[in-house]
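Trainee: I would like to learn how to read a model of this kind, one feature at a time. Could you show me the structure and start with a single strand?

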Amino acid sequence: MTLAQDRRSSKRAEAPMRRFREMHYHRFQLGTRSNIHGTCLMRSALPVRLPRPHAMQMIYQHPPPGVGFLRMGLPLGQEAKDQTAYMHMAAEHDRAVLSEIAEERARTAQWLASSKAIARTHVVVATQSGLQFFVAGFGYWNILDVDLKLTSESCVGVKAFEMWAEAPQTPQSADSAGSEDESKGEGGEERPPPEAEGEPMAALPVLIIALTTYVKRPSEIKNRATDELGRYRLYALGADSLPALSQEFVDKHALAVQEASSEGSTSSRSESMSPPHHALGVAPTGAGAQAGSPPADATPASQADASAAGAGSDIGAAASGGGSAGGAQPADALPINTYAYLEERLFSLRVDERTVSLDLDYLPFRISQDVAAGMPAVLLVAGNDNKIHRYALGCDRIVEIEPLLCPRTEVPLTFTAFDGRVVGPYHVQITAHQEFAVALQVSRALTKAEAAGDAEKGRGEDPGWRRRLLIADEEVYDAAPILATVFTPEAKQLDRTAFDHAITHRVSAAARKEEGCGIVAGDVYDSKWPIGTTGTAPSRRGDAQQQQQQPRVHAMIGFVGEDAVVYHDVAVAGLDPVPTLVGGVACKVPDTAPHIAGRLGGLGGVFSLPGSAKEGLITSVHFDDLDYNGTKEIIVGTVSGAVLIYKEVEGSGYILAWKRRFPAPAYGIFSVDINCDGANELVVVTLLGVHVMQPNLSLVRAKLLRQLILAKKEGTGDDDSASNASE
């Protein structure tokens, strides 16, 4: 590409991104604010129940009639007149609601198994005392303001995700769902088709919301109540629908067995905890699979084999086990994952003595998740004690397992940054802290031939647990790193979070001194945790050559007082200290990776994001293809409220393509289709509110026309015309 062509391409990409238009601003209530670690995205396949509002969005602070236990009104005025009649009426009300929930779960299970189910991405924001959910709908979104009633605590961080789990195999009730319904209800809410009579019902996805809180000191509580439970706490809302952790798993992986906290104990709060209640199809016996979607190898079997009881069995037992006399509402006893609709689960969120929790003895930072097939769900919490803590979730407790290790330091930290991604066959893991050090490890799944050869050496036959270490770098900088993340620049490549503690424990100098414990680049090792691989997004053209190409993986590091830096192709070059240009001279081969010699021609390089240091500390980062050219742009948010979009220009590094300043620090930036119109909106979460920016619709229209031309040309077999249209 010539210089003139390069300039023209950069101008074409820069012009549309100037035209983001703010279509909505949601300001938090007076005295309410967000937190730097209190934002995340939640991918959910569950249908939504709330109807389309008159405006673009509607704010709900309480569940409206027809959502949750308020769907059927109960006249409370009769309680004083006739206690016996009222209790009978309450019991009938409970049975009717439970029966309705059972039918909705049956319809939803069949709907998810069909091709009509579309997973959507929602935005989650944690405020001091609750959570706010921006629930995506078709052509609109609704805001759910859920108050968690945290009187002596305030939210610090949040992470929400869905996972699939196997349901207990219990007989299906003969009375299943009724006759066929329309896809839309009377109020406009989505309504999945009913389940055919007699068919088994597959388990629904389990919603997990991890929440870290700060427990206020007695001097900070208005009523001066005493509190001896520690300063920070980890909650796992929805974990009561997960299977219990097996004793074998605890004995093998747990660092120290700590029961889930409950009321009545100032240390672990576990003595008087009432056992969690399981509802219809949400008390699984197996472990979870990949978050957000059913695994390719486990979901069909799970859906075929799993069945659930009707309204009169498990779900009735859940209500009677947790309800109180006098006709308590079913929602006061049922776990959140009982419900079939997303809003019902969110409005049922609560923090009480039955919530699975654990006290922390460190300052928690970012929360992430690692959900693998055949293993319990694992939360990762970065702390100021130089560790990335890992916690396995069960229905009755949270157990801390082997942590990830950061670069070594002796002092408490103000922050710890980490990220781990699986892109294609590569697993890239990076950690950084304020002591100027960044550690990077890269491994690769074994090929079939390598796995067969490794099995002959007696190392095992399962390639999913065996990997080859490619890179093990640790760099020390003059400036303190404040952010470290990895991403793939190719929009077609899929990625997911995953972490491997085996690498971090065995690549250190101390581990290598012990015979048989250390590993270096090129070695095959046991990951002790299934990492797996990812593929590419479904290709309409089915280009087999593109599918076989190895994906590119970049790393981005933000510093205090210095411009952020992007390392290209860390899966083969590592933290390459030699700045080179993409397409330029071959990079230096790291000494720790001699097996990749001769393969770095034109790969690697270190590039800065010009001007990023002028806007203060980087507080958030996101990657997405905003101009639909197949390459992701870098979206950076800073403490000064500036949002910067950088675009890669071949041969020149990165240029600033768009900039806007908001009135408060930008704590979260997401490119997400929040109204399901096919074009991603730019959502900026600041300290004071949430801004929703609409993209350039003319660019979206041009992309749609190109896709239509491609479809038409491919239908006639004109490959040359289709190739020209795609360019």
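Mentor: Buried means a relative accessible area under 20%, exposed means over 50%, and partly exposed lies in between, with a 1.4 Å probe and protein chains only. Strands (E, at least two residues) and helices (H or I, at least four) are DSSP runs numbered from the N terminus. This is a predicted model, in which local features need pLDDT of at least 70 and side-chain atom pairs count only at pLDDT 80 or more, whereas totals for chains, interfaces and linings use all residues. Residues are numbered from 1 along each chain as its sequence is written, and side-chain values use heavy atoms, with hydrogens and water left out.

Trainee: Which residues point one way from strand 5, and which the other way?

Mentor: Gly130, Gln132, Phe134 and Ala136 point one way, while Leu131, Phe133, Val135 and Gly137 point the other way, and all of them are buried.

Trainee: How many bridges join strand 4 to strand 5, and over how many do strand 5 and strand 6 pair?

Mentor: Strands count as paired if DSSP finds at least two bridges between them. Strand 4 (residues 120-126) runs antiparallel to strand 5 and is joined to it by four bridges, with Val124 having Phe133 as its bridge partner, and a hairpin of three residues connects these two strands. On to strand 6 (residues 140-147), strand 5 pairs in the antiparallel sense over eight bridges, and Gly137 has Tyr140 as its partner there. The hairpin between strand 5 and strand 6 has two residues between the strands, and Gly139 in the turn has a positive phi of about 90 degrees.

Trainee: In what order do the strands of the open sheet lie?

Mentor: The open sheet has four strands in the order 1-32-31-30, paired antiparallel. Its edge strands, each pairing on one side only, are strand 1 (21-27) and strand 30 (666-672). From one strand to the next the twist averages 15 degrees, where axes are lines fitted to C-alpha atoms (for helices, over the stretch in contact) and angles run from 0 to 180 degrees between N-to-C directions. Inside this sheet, strand 31 (residues 681-686) and strand 32 (residues 689-694) pair over four bridges, and Leu682 stands opposite Met693 in strand 32.

Trainee: How should I read a charged pair, and with which residue does Lys659 form a salt bridge?

Mentor: Side chains of opposite charge can pair when their charged atoms come close. A salt bridge is counted when a side-chain nitrogen of Lys or Arg lies within 4 Å of a carboxyl oxygen of Asp or Glu, and the structure holds 15 of them. Lys659 forms one with Glu615, the closest N and O atoms being 2.7 Å apart; this pair links distant parts of the chain, since Lys659 is in strand 29 and Glu615 in the loop between strand 25 (606-608) and strand 26 (618-624), 44 residues apart. Glu615 is buried because its relative accessible area is 7%, whereas Lys659, at 43%, is partly exposed.

Trainee: Where is Arg661 placed, and which residues is it in contact with, leaving aside its neighbours within four places in sequence?

Mentor: Arg661 is in strand 29 (residues 653-661), and its contacts (heavy atoms within 4.5 Å) are with Glu615, Ser640, Gly641 and Ala642. Arg661 counts as partly exposed because its relative accessibility is 47%. The side chain of Arg661 makes a polar contact of 3.3 Å with the side chain of Ser640; such a contact is a pair of N or O atoms within 3.5 Å, where within protein one must be able to donate a hydrogen and the other to accept it, and residues adjacent in sequence count only if both atoms are side-chain atoms.
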